[in-house]
Amino acid sequence: MLHPQRSMAAAWLAVVWACMSMAAAAGFLDELPTMAFEEGFSPLFGEDNMVKSADGRTVSITLNRYTGSGFISSDYYHHGFFSASIKLPKDHTAGVVVAFYLSNGDVFEKTHDELDFEFLGNRYRHEWKMQTNVYGNGSTDRGREERYLMPFDPTADAHRFSILWSSRLIVFYVDGVPIREVPRTPAMGADYPSKPMAMYVTIWDGSTWATDNGKYKVNYKRGPFTAVFSDLVLRGCRVSSDIRLASVDDQDRCAAAEAELMDAEYATMTPGKRMAMRRFRQRQMLYTVCYDTNRYPEPFPECDVNMAERQMYWQWGESKVVRPRVRPRPGHRSKRRPPTPMLVSLQQAD
Ligand SMILES: *[C@@H]1O[C@H](CO)[C@@H](O)[C@H](O)[C@H]1NC(C)=O
């Protein structure tokens, strides 16, 4: 159980977040047609640890001491919008990784493309972290990861995570708020994912790296660990033939479909959405390769380097916690006024 003050603060954070996602015009998510599992997905591994609801619209995947579990879209897509509502397992989840991503790694072993949302479990009473990453044509030695704290408790309710992937732009969304934008730049070259990809959903044991660089491993006595997926959305140009062949027909069809994709609200970055994105990044981001000059002395060409933000990154590193500051007044504690959430940097997470 969370400390009552913390859970009240969490409720207030949830209200702030709901306002932010409304301001970012996140309503477009409600109009997207969602799918049942059978309409577009197949089991990938650990099928015994996968439970579908009667209507097939909710899928629970579990990691226990024997196996994790996962599923994959039955088709590959050349650009599109991919989305799922996700509720993460509670309590002690150190070492547990839940992933929602696009990839073609099963087809192109050495030159694969990938766009990731990864959720990294944590110790009891420590927050989950979220990571995004981008790979193109096997650029695995050039990780482009970013890590963030989520502005809500992802184990209390489901939240919507989405990836827009077009030939010009990649946008990661959380509840309709853009949190990362990767425009295609010529300098990025083949690092920009450009071959058809499938959508993957998995839960697995990431003991070696997921929590504080592998310091805390999965404790199966605290399991099993179950993540719940619903509101599955696959809006993309489905590739009909063998993706290795990249047929002319598929290419023409997908180029035509792209015009429609780019017209959609989720592919349009308005000033309001950019402002919401900056706000999210200033408050929630723990790490970005764009400011890690130890690892990459020259920032990647697609990085939008903001000097004030970079300065902040140097200060907080990964130790940032976003936590409401509650100033208890001696004698009486007001129950009416919710505490004001504030960014508290330079504070150890434990
Ligand atoms: C992708 O990588 C392969 C192998 O390194 C290389 O031969 C190919 O030219 C690359 N593709 C592009 C579009 O650069």
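Me: Two residues are in contact if their C-beta atoms, placed from the backbone, lie within 7 Å. This is a predicted model, in which local features need pLDDT of at least 70 and side-chain atom pairs count only at pLDDT 80 or more, whereas totals for chains, interfaces and linings use all residues. Residues are numbered from 1 along each chain as its sequence is written. What is the average pLDDT of the chain?

Reply: pLDDT is the predictor's confidence in each residue, from 0 to 100. Over residues 323-350 it stays under 50, and the model has 37 contacts beyond four places in sequence for that stretch. Of the residues, 86% score at least 70, and the chain average is 86.

Me: How many strands does the secondary structure of the chain contain?

Reply: Helices (H or I, at least four residues) and strands (E, at least two) are DSSP runs, numbered from the N terminus. Among contacts with a separation of 6 or more, 71% join residues 24 or more positions apart. Besides 5 helices, the number of strands is 17.

Me: How far does helix α3 reach from its first C-alpha to its last?

Reply: The expected span of a helix is 1.5 Å times one less than its number of residues. Helix α3 covers residues 248-263, 16 residues, for which 22 Å is expected. The reach in the model is close to that figure, at 24 Å.

Me: Which residues of α3 are buried?

Reply: A residue is buried if 20 or more other C-beta atoms lie within 10 Å of its own, exposed if 12 or fewer, and partly exposed in between, with C-beta atoms placed from the backbone. An α-helix has 3.6 residues a turn, so residues three or four places apart point the same way. What covers the buried residues of α3 includes β5 (76-87) and β14 (225-239). Those buried residues are D250, C254 and L261.

Me: Is E114 buried, partly exposed or exposed?

Reply: The unreviewed UniProt entry marks E114 and E118 as "active site", an annotation that may be inferred rather than shown by experiment. E114 lies in strand β7 (residues 114-120), and beyond four places in sequence it touches Y101, L102, S103, G105, N133, Y135 and P193. Because 19 other C-beta atoms lie within 10 Å, E114 is partly exposed.

Me: Near what value is phi of N137?

Reply: N137 is found in the loop between β8 (129-135) and β9 (146-149). There N137 is partly exposed, because 17 other C-beta atoms lie within 10 Å. Its phi is positive although the residue is not glycine, and lies near 50 degrees.

Me: Is R125 buried or exposed?

Reply: R125 lies in the loop between β7 and β8. Phi of R125 is near 70 degrees, a positive value in a residue other than glycine. Since 12 other C-beta atoms lie within 10 Å, R125 is exposed.

Me: Is the peptide bond from G223 to P224 cis or trans?

Reply: P224 is placed in the loop between β13 (198-205) and β14. With omega near 0 degrees, the peptide bond from G223 to P224 is cis.
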